[in-house]
Amino acid sequence: MQHLIDTNDLTDKQISQLLGDASAFKKQRPPQLLHDKLFITLFFEPSTRTRSSFEVAAKRLGAAVVHLDPSRSSTKKGESLEDTFANLCAMEPDGVIIRHKENTAPGILADMQMTPVINAGAGNYAHPTQALLDLFTIHEHFQGDIKGKTIAIVGDIANSRVASSGIRLFRRMGMHILLVAPEPFMPQESELPKYQHLEEVLDKADIIMSLRAQLERHTKPIFDDYAEYAKHYCITKERLGNRNTLILHPGPVMRNIDISDEMLEDPRCKVLTQVQNGVFMRMAVLKLLLLDS
Ligand code: CP
């Protein structure tokens, strides 16, 4: 039984297969490879992209999907996460896709070895399918030539599971990573090169990944005025000039704080391509876990 809790769960060969399958699925819609499968999604935190992307991916492959809304489930009566999961597994799904505020929640459920568990975002540590779809988008943009490319990650890095998952995966793929953030958003323990000013990395970065402030993970307000933050960290056309930089953001984008309205319309900005690619990458992940492992 294979789970996807972190990208470290994947071998190099599996990552390469995922990139190949996602690309093939994008070129041609595959047959209903998972027509007899059923997934349950269990999202304890809000989601627009990830939950619907998993559902679309599963349905494109012919699988059925059942959503359990924890805000209307027996979690509200005090049922534990483990008991909720065990009861869902008694219905014999072929996998459970979970999002949770605790870093360890998907791993705890995977250790119960009842059904494949797929981490759809946990705490501030891991969001493996986001890292994989971002890698796919970068790989596609540079036609596979990604080793040695430099990505600048800008924003609330300390609280971002997208950043932590991405950093582990991009380093493994031989990319260089620069961190750009004000001091409260900078992960102090990281050994990666750190910058306080976006201007310092503009000529070094092939890719800029902008991240929103993870307000829901701040125990107290960090900045009173995000308009002031935006003056230093918002990706604007004026700032980027004519540099041929790939601009990414996992969403949701805080418009004119993370990326300007004008920049979001610019062809260098691939935010919606990331969302499109997310479906193909998640199709590849479901195939890998259910059929190829
Ligand atoms: N990128 C991402 O995880 O978006 P959602 O929170 O909308 O799923």
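Three bridges join strand 8 to strand 9 (residues 246-248), and the two strands run parallel; strands pair if DSSP finds at least two bridges between them. Helices (H or I, at least four residues) and strands (E, at least two) are DSSP runs, numbered from the N terminus. The model is predicted: local features need pLDDT of at least 70, side-chain atom pairs count only at pLDDT 80 or more, and totals for chains, interfaces and linings use all residues. Residues are numbered from 1 along each chain as its sequence is written, and side-chain values use heavy atoms, with hydrogens and water left out.

**Strand 8 and its partners**

- In strand 9, isoleucine 247 is the bridge partner of isoleucine 208.
- Strand 5 (residues 150-154) is joined to strand 8 by four bridges, and these strands run parallel.
- Valine 154 stands opposite serine 210 in strand 8.
- Strand 8 (residues 207-210) is covered on both faces, with Ile207 and Met209 buried on one side and Ile208 and Ser210 buried on the other; buried means under 20% relative accessible area, exposed over 50%, and partly exposed in between (1.4 Å probe, protein chains only).

- Four strands form an open sheet in the order 2-1-3-4, with parallel pairing.
- Strand 2 (64-68) and strand 4 (117-122) stand at the edges with a single partner strand each, so one side of each has no neighbour in the sheet.
- On average, neighbouring strands of this sheet are turned by 15 degrees against each other, direction ignored.
- Helix 2 (residues 49-60) packs on the sheet and touches strand 1, strand 2, strand 3 (95-100) and strand 4; its direction makes about 155 degrees with that of strand 2. Axes are lines fitted to C-alpha atoms, for helices over the stretch in contact, and angles run from 0 to 180 degrees between N-to-C directions.
- Strand 1 (residues 38-43) is joined to strand 2 by five bridges, and isoleucine 40 has valine 66 of strand 2 as its bridge partner.

**Helix 1 and its surroundings**

- The buried residues of helix 1 are Gln14, Ile15, Leu18, Leu19, Asp21, Ala22 and Phe25.
- These buried residues pack against helix 5 (128-141), helix 6 (161-172) and helix 10 (271-292), where contact means heavy atoms within 4.5 Å.
- The axes of helix 1 and helix 5 come within 10 Å and cross at roughly 70 degrees.
- The two helices are therefore roughly perpendicular (angles under 35 degrees count as roughly parallel, over 145 as roughly antiparallel, 65 to 115 as roughly perpendicular and the rest as oblique).
- Ile15, Leu18, Leu19, Ala22, Ser23 and Lys26 of helix 1 meet Leu132, Leu135, Phe136, His139 and Glu140 of helix 5.
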